[in-house]
Amino acid sequence: MTSAALRPFSVLVTGGAGYIGSHAVLALLDAGWQVSVLDNLVTGFRWAVDPRARFHEGDIADEVLVARILAEDGIGAILHFAGSVVVPESVADPLKYYRNNTANSRSLIESAVRGGVRHFIFSSTAATYGTPDSIPVREDMPTVPINPYGMSKLMTEAMLKDVAAAHPINYGALRYFNVAGADPQGRTGQSTAGATHLIKVAVEAALGRRPEVAIFGTDFETPDGTGVRDYIHVSDLADAHLHVLDTLIADPARSHVLNCGYGRGFSVLEVLDSVDRLAGSSIVRRMEPRRAGDPAALIADNSRILATTPWRPRLADLDTIVAHALAWERTLAARA
Ligand code: UD1
C-alpha cells in the first residue's frame, strides 16, 4: 500500500455514495489516495461512503460548492460517477437523463477546468454502441445509441474530447459493460431498491425478496436463445479506474476511451443457473417477450485497456461475481 504522503493531490469522487462510486472510493483509499466525495444522496447512501473519505452532500452542478471543494481539498483529479442509470427510465423521461448525465456533467467539467483539475475519469457505458454490427465490440466501432441513456453519456464523451483539446486536462472515458457483484470484503454493494439489473434481481429472488425473475426474450440468436452480456465484477472495475488514473498522470498529453469488460459473455440462463447453484435456490423463471432495445449479445473487446494500462482482471469468474452479490444481498436482508 502506498503512503498518502506520496500522492500528489486528492481525488474527488462524484457519486461516491452510489454502487460503483462507493467501490471506487474503497479502491482509492486502499491504494493510499486522499479522497473527497460529492454526492446528493438521491440514489446513494451516506453509510456507503468509507469514513476515511471526506464527504460533501450536494450537487455536481453547484458551481460554488464544487469550486470550494476543489480548492479546499486540493483536488487534482475527478472520478465522475454521479448520474442516472436506468435505461427504460431514460426512454420515459429523456430530459432527466440529458440533465443529470449531460448538462450537469458539462457544469462539472467547466468547474474542473476553472479549478485547474488535470485529470478526469468519466463513467461511460457500452450503451454508447447501441446494437453493434459485430461482437466483441471495439472502441473504434460506430457509436449509435438506441436509448437516451446511451446518448446522454456519449454527449459527455464528446464534450470531454473537445475540452481536452482546448484546456490542460486529460480524460479517460470508461465504457462499462454489465457491472455486478460487490466488495469481496463485504463493505459495500448494490443497495438501491427497485433494481432492474439481472444479477441483482436474481439474487433478490433467490433470497425470497421477489417472487420470480422474468426472462426478457428466449428467441435471440444466441446459444440458448437468451441475451448474452459481459458481466464485470465491480471491484475489478474500480481497480481499472486506479490504473487509468495512473496512466493519465504518467502522460498528461493523452486521453483514453476504454472498454471495461472481460471479453466473454454469459446468457440469462447461465446467470440464473449460477445463482441457483450458489444460493441453493430454484428461482421461478417467467418467459417474457424481448425488452425494447435489448441487443442479443454485448461483449467487450478489452484489448485496448489491457494494452494501455497494467490493469488485469482478478475476479473474472461468474460464480465469484454471483457469490459476492449474494453475500451483499444477505447483508441487506439482515438489515431490513
Ligand atoms: C444496460 C445497458 C448498459 C448499462 C446498464 C445500466 C444496454 C444495451 N446496456 O445493460 O450499458 O450500463 O443498462 O443500467 O443498454 N434481463 C432479464 N430479466 C431481468 C433483467 C434483465 O432477462 O429481470 C436480461 C436482459 O434482457 C439482458 C440481460 O438480462 O439480456 C442483462 O440486462 P440488465 O442487467 O438489465 O443490463 P443491460 O440492459 O444489458
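Gln190 sits in the loop that runs between β7 (178–180) and α6 (198–206), in what is a predicted model. With a relative accessible area of 15%, Gln190 is buried, because buried is the word for anything under 20%.

**Gln190 and its contacts**
- Leaving aside residues up to four places away in sequence, Gln190 touches Tyr19, His197, Lys200, Trp328 and Leu332.
- One of these contacts, His197, is also listed with the closest residues around the ligand.

**Around the ligand**
- The ligand is surrounded by 23 residues, and the closest of them are Val85, His197, Ala214, Arg229 and Asp294.
- Asn178 places a polar side-chain atom 2.9 Å from an oxygen atom of the ligand.
- In Leu198 it is a backbone N or O atom that lies 2.8 Å from an oxygen atom of the ligand, and in Ala127 a backbone N or O atom lies 3.2 Å from an oxygen atom of the ligand.
- Asn178 and Leu198 carry the numbers that open the ranges given for β7 (178–180) and α6 (198–206), the two elements between which the loop with Gln190 lies.

**The second largest pocket**
- The second largest pocket has a volume of about 260 Å³, and its lining is made up of 15 residues, with Ala27, Asp30, Asp183, Ser235 and Arg314 lying nearest its centre.
- Both α1 (19–30) and α7 (234–250) supply at least two residues each to this lining, and the largest share, five residues, comes from α7.
- Sorted by class, the lining of the second largest pocket holds six nonpolar, six charged and three polar residues.

**Tyr262 and its surroundings**
- Tyr262 is found in the loop between β11 (256–260) and β12 (266–267).
- The relative accessibility of Tyr262 is 10%, and Tyr262 therefore counts as buried.
- Although Tyr262 and Tyr231 are 31 residues apart along the chain, their C-alpha atoms are separated by 7.4 Å, and Tyr231 is also one of the residues that Tyr262 touches.

Notes:
Residues numbered from 1 in each chain as written. Predicted model: local features only at pLDDT ≥ 70, side-chain atom pairs only at ≥ 80, totals over all residues. Heavy atoms only, no water. Helix = DSSP H or I, 4+ residues; strand = E, 2+ residues; numbered from the N terminus. Buried < 20%, exposed > 50% of the residue type's maximum accessible area, 1.4 Å probe, protein only. Contact = heavy atoms within 4.5 Å. 1 Å grid on protein atoms, 1.4 Å probe; cavity = no way out; pocket = protein on both sides within 12 Å on 5 of 7 lines; lining within 4 Å. Points joined across faces, edges and corners; volume = space filled by probe spheres on them. Nonpolar A, V, L, I, M, F, W, Y, C, P; charged D, E, K, R; others polar. Near = heavy atom within 4 Å. Polar contact = N/O pair within 3.5 Å; in protein donor to acceptor, adjacent residues only side chain to side chain.
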